[in-house]
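This report works through one structural model, beginning with a pair of charged side chains and moving on to helices, loops and confidence. Please keep the sequence and the coordinates at hand while reading.

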Amino acid sequence: MKKLLFAVFLFAALQITAQTTRQGTVEYNSQLVPCYIIDLPYSTSVTEDAIAERFKKMGVKGKAKKGFTEYRNVVIPEISSSPIDAMMKVDRTSRKDKDASTVYLVVNPVGLTATTAGSTSVADFATGSTTFLNSLATTSLDYSLELDITNQDNEVKKAEKKFKNLVDDGEDMQKKLKKLQEDIVENTKKQQEQTAEVQKQKEALIQMMSRRRKI
């Protein structure tokens with residue numbers, strides 16, 4: 001089992017290392033703007049929750065807006081030591097694969113819209129944004145693993161509860177069996193006593209019948 005879990009974890013890790021960040025465009029505020037993109041082997045829900053958890057640890061909460069989550073005036077160490085505006089979107093990579101998502105990241109100086117900043121998002125933050133998105137791959141892996149651990153822990157608890165219930169049922173059955181065995185012994189004793197009583201009553205009947213007058 002340990003070898004299997006290690007193999008699964010190693011496979012996931014290899015999948016992550018194979019993911020690469022690329023530059024592209026995404027529709028934001030009805031305009032195509034430059035962005036950074038990475039594909040991850042996780043569902044959109046897992047990826048979104050992993051990103052939210054990542055920012056939560058930084059003390060930052062995003063605001064949902066038209067399919068994006070906006071993190072305004074935030075310092076993301078991998079990208080810049082100065083505050084920036086980061087807009088993130090997570091989409092399902094394809095309809096066929098529910099366990100794959102695509103992350104879009106738009107980065108701008110604080111206060112500038114994606115349209116106003118133009119190519120700034122790509123030109124000034126390329127290295128940092130790539131590093132940040134690549135790190136999200138590991139973040140998603142860790143988050144997904146914690147979800148699996150939590151789910152497996154719940155399965156263990158369910159199995160333990162079922163086992164305890166079976167043990168309790170078994171103890172109840174043993175008590176009932178003991179009581180039944182005691183009842184059987186008592187019943188057998190009473191049968192023997194009643195057999196003697198039946199014989200006694202039959203003998204009394206025979207004696208009475210023997211005293212009949214013969215006509």
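Asp183 is partly exposed, with a relative accessible area of 37%, where buried means under 20% relative accessible area, exposed over 50% and partly exposed in between (1.4 Å probe, protein chains only). Its side chain meets that of Lys179 in a salt bridge with an N to O distance of 3.0 Å, a salt bridge being a side-chain nitrogen of Lys or Arg within 4 Å of a carboxyl oxygen of Asp or Glu. An α-helix has 3.6 residues a turn, so residues three or four places apart point the same way.

Glu155 counts as partly exposed at 41% relative accessibility, whereas Lys158, at 53%, counts as exposed.

## Basis of the model

The model is predicted, so local features need pLDDT of at least 70 and side-chain atom pairs count only at pLDDT 80 or more, while totals for chains, interfaces and linings use all residues. Residues are numbered from 1 along each chain as its sequence is written, and side-chain values use heavy atoms, with hydrogens and water left out.

The mean pLDDT (the predictor's confidence in each residue, from 0 to 100) of the protein chain is 85, and 85% of its residues reach 70 or more. Over residues 1–18 the pLDDT is below 50, and this stretch has nine contacts in the model beyond near neighbours in sequence, contact meaning heavy atoms within 4.5 Å. Residues 116–122 also have pLDDT below 50, with 16 contacts beyond near neighbours in sequence. Where pLDDT is low, the predicted coordinates should not be read in detail.

## Overall architecture

The protein chain has five helices and six strands, these being DSSP runs numbered from the N terminus (helices H or I, at least four residues; strands E, at least two). From the N terminus on, the elements run α-β-β-α-β-β-β-β-α-α-α. Of the 215 residues of the chain, 29% count as buried, and among contacts between residues at least 6 apart in sequence, 55% join residues at least 24 apart.

## Helix H2 and its buried face

Helix H2 comprises 14 residues (44–57), which at 1.5 Å a residue should span 20 Å, and its end C-alpha atoms are 20 Å apart, in agreement with that value; the expected span is 1.5 Å times one less than the number of residues. The buried residues of H2 are Val46, Thr47, Ala50, Ile51, Arg54 and Phe55. Seen down the axis of H2, they fall within an arc of 165 degrees, so they line one face of the helix, the arc being that of the directions from the helix axis to the C-beta atoms.

This buried set packs against strands E2 (31–40), E4 (68–74), E5 (84–92) and E6 (101–109), and against helix H5 (126–210). Just after H2, Gly59 takes a positive phi of about 80 degrees.

## A buried serine and a loop asparagine

Ser129, placed in helix H5, is buried with a relative accessible area of 0%. Its side chain reaches the backbone oxygen of Phe125 at 2.8 Å. Leaving aside neighbours within four places in sequence, Ser129 is in contact with Tyr36, Ile79, Leu105 and Val107.

Asn29 lies in the loop between strand E1 (22–28) and E2, and at 36% relative accessibility counts as partly exposed. Not counting residues up to four places away in sequence, Asn29 touches Lys65 and Lys66; Asn29 and Lys66 are 37 residues apart in sequence and 7.9 Å apart in space, C-alpha to C-alpha.

## Other salt bridges

By the salt-bridge rule the count comes to nine. Among them, the side chains of Asp91 and Lys89 meet at 3.6 Å, N to O, and Asp91 counts as partly exposed at 28% relative accessibility. Glu70, Arg72 and Asp85 are linked in a network of salt bridges.

Definitions and conventions. Polar contact = N/O pair within 3.5 Å; in protein donor to acceptor, adjacent residues only side chain to side chain.
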